[in-house]
Amino acid sequence: MVDVFVSEFAKLVLQNPLAEEKVSQKRKMFSYKLMDSQQARAFTTELHDRHIEIHLSDISAVSVRGEKNLKPSHCVLPFKYLQYADRIRNLTVYKDDVWVVTFPKCGTTWTQEMVWLIDHDLDYETAGKVDLSRRTVFIEASAVIGDYLGDTVGAVENLARPRHIKSHLPLALLPQQLWTVQPKIIYCARNPKDAAVSYMHHYRHLHGFQGTNETFLEGLLTDQILWCPQVPHTLDFWNVRHLDYVMFNHFEDMKKDIMGILRKTCSFFGKSYTDKQLAKLAEHLSFDTMKKNPSANQTQLLKTLETVRNTKINFNFMRKGQLGCYKDELTPEFTQRLQEHVDKQLAGSGFQYME
């Protein structure tokens, strides 16, 4: 693997005499290579103009043991992530933390709002006044959007407890203390075909992707898009779902049986609410209600991205939230290729995505 792209490394050293030592320390914890092929460069944008494929160097450093002996997943991230990688990996974790982890466009916002309210005694007043991005901080956001959001790792460090934290990182890149301190971790999986369509629109409108839909979809198949690959990301958490501090949900279950998911989540948090309270929460979490809720529909993020990119973004972060939407946008040929790609990676795992 190529550990450092020369021009970027030189720039870091010129800016900071201690940079060489810091990069050397990162190399001990991580290995990475610059994704500099013509195909990979097609997915860089004004927000993130250089991507890397990053691996945890020593997989024995992942202290958690799952049902199967899996090699922890790598991840595609912006080059800037290297400024935050060791801080995230070495983050101090507290027992009362709550971590919401997903691959992008797999029910993240929905899950964030649900678990925050359940953990905070259905405090709708605060939820209506304080934006979700401040109630549940996206820890690696600074590596993607840059300094416009400030230091999001520092924001997590300074959050009032109990801290609610969001991440799209794979298991191996998350704080190592997660598996010794054992805070609550909620993972949500989504069928890759529906996730592909949602992510395609998200990447175009929010990240500023300029290529064709076909180019983006091919990028998913070859793991060129940020936070890829999806299937190993999911399998890492499926593999530890038996742990009593990990809750594994499916987006499709949340759509089909929200009351069942609410009861499951309440039990996970040791909370007890009446059927009437849960019905009110279910209505609050309905797609139509969430889409209209400025405190939960990522309105503030869209405004920030408009400032960063100096352009008007005509896009709803919460777009459709439907099951089977891929049937309207993916060709049968690509659907079959994607399904074969997913099936190959799932072979022998015992896991299946829901439809």
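Select lysine 271 first. In this predicted model, lysine 271 is partly exposed, at 24% relative accessible area. Aspartate 121 counts as exposed, because its relative accessibility is 52% and the cut-off for exposed is over 50%.

How many salt bridges does the structure hold? The total is 12.

Go next to glutamate 355 and lysine 193. Their closest N and O atoms are 3.0 Å apart, in a salt bridge. Glutamate 355 lies in the segment after helix H20 (332-346), and lysine 193 in helix H11 (residues 192-207), so the pair ties together parts 162 residues apart in sequence. Is lysine 193 buried or exposed? Lysine 193 is buried, at 4% relative accessibility. Glutamate 355 is partly exposed, at 48%.

Now pick arginine 161 and aspartate 96. This salt bridge has its closest N and O atoms 3.1 Å apart.

Then select Arg87, Asp151 and Glu157 together. Salt bridges link these residues in a network.

**Aromatic pairs**

Switch to the rings. The whole structure contains 17 aromatic pairs. Take phenylalanine 103 and tyrosine 199 from among them. Their rings are edge-to-face, 5.8 Å centre to centre, with 85° between the planes. Phenylalanine 103 lies in the loop between S4 and H5, and tyrosine 199 in helix H11, so the pair ties together parts 96 residues apart in sequence. Phenylalanine 103 is buried at 3% relative accessibility. Tyrosine 199 is buried at 1%.

Next, tyrosine 187 and phenylalanine 248. This pair is stacked, with centres 5.4 Å apart and planes at 25°. Tyrosine 187 belongs to strand S7 (residues 184-189) and phenylalanine 248 to strand S8, 61 residues apart. Tyrosine 187 is buried, with a relative accessible area of 0%. Phenylalanine 248 is buried too, at 8%.

**Charges over rings**

Which residue lies over the face of phenylalanine 138? Lysine 166 does, at 4.2 Å from the ring centre. Move on to tryptophan 238. Arginine 241 lies over its face, 3.6 Å from the ring centre.

**Last stop: histidine 250**

Return to strand S8 (residues 246-250) and select histidine 250. Histidine 250 counts as buried because its relative accessibility is 10%, and buried means under 20%. Show its neighbours. Leaving out residues up to four places away in sequence, histidine 250 touches Cys188, Ala189, Phe351, Gln352 and Met354. Finally, draw a distance to isoleucine 261, 11 residues away along the chain. The two C-alpha atoms are separated by 9.3 Å.

How values were computed: Residues numbered from 1 in each chain as written. Predicted model: local features only at pLDDT ≥ 70, side-chain atom pairs only at ≥ 80, totals over all residues. Heavy atoms only, no water. Salt bridge = Lys/Arg side-chain N within 4 Å of Asp/Glu carboxyl O. Buried < 20%, exposed > 50% of the residue type's maximum accessible area, 1.4 Å probe, protein only. Helix = DSSP H or I, 4+ residues; strand = E, 2+ residues; numbered from the N terminus. Contact = heavy atoms within 4.5 Å. Phe/Tyr/Trp six-rings, centres within 6.5 Å; stacked < 30°, edge-to-face > 60°. Lys NZ or Arg CZ within 6 Å of the ring centre and 35° of its normal.
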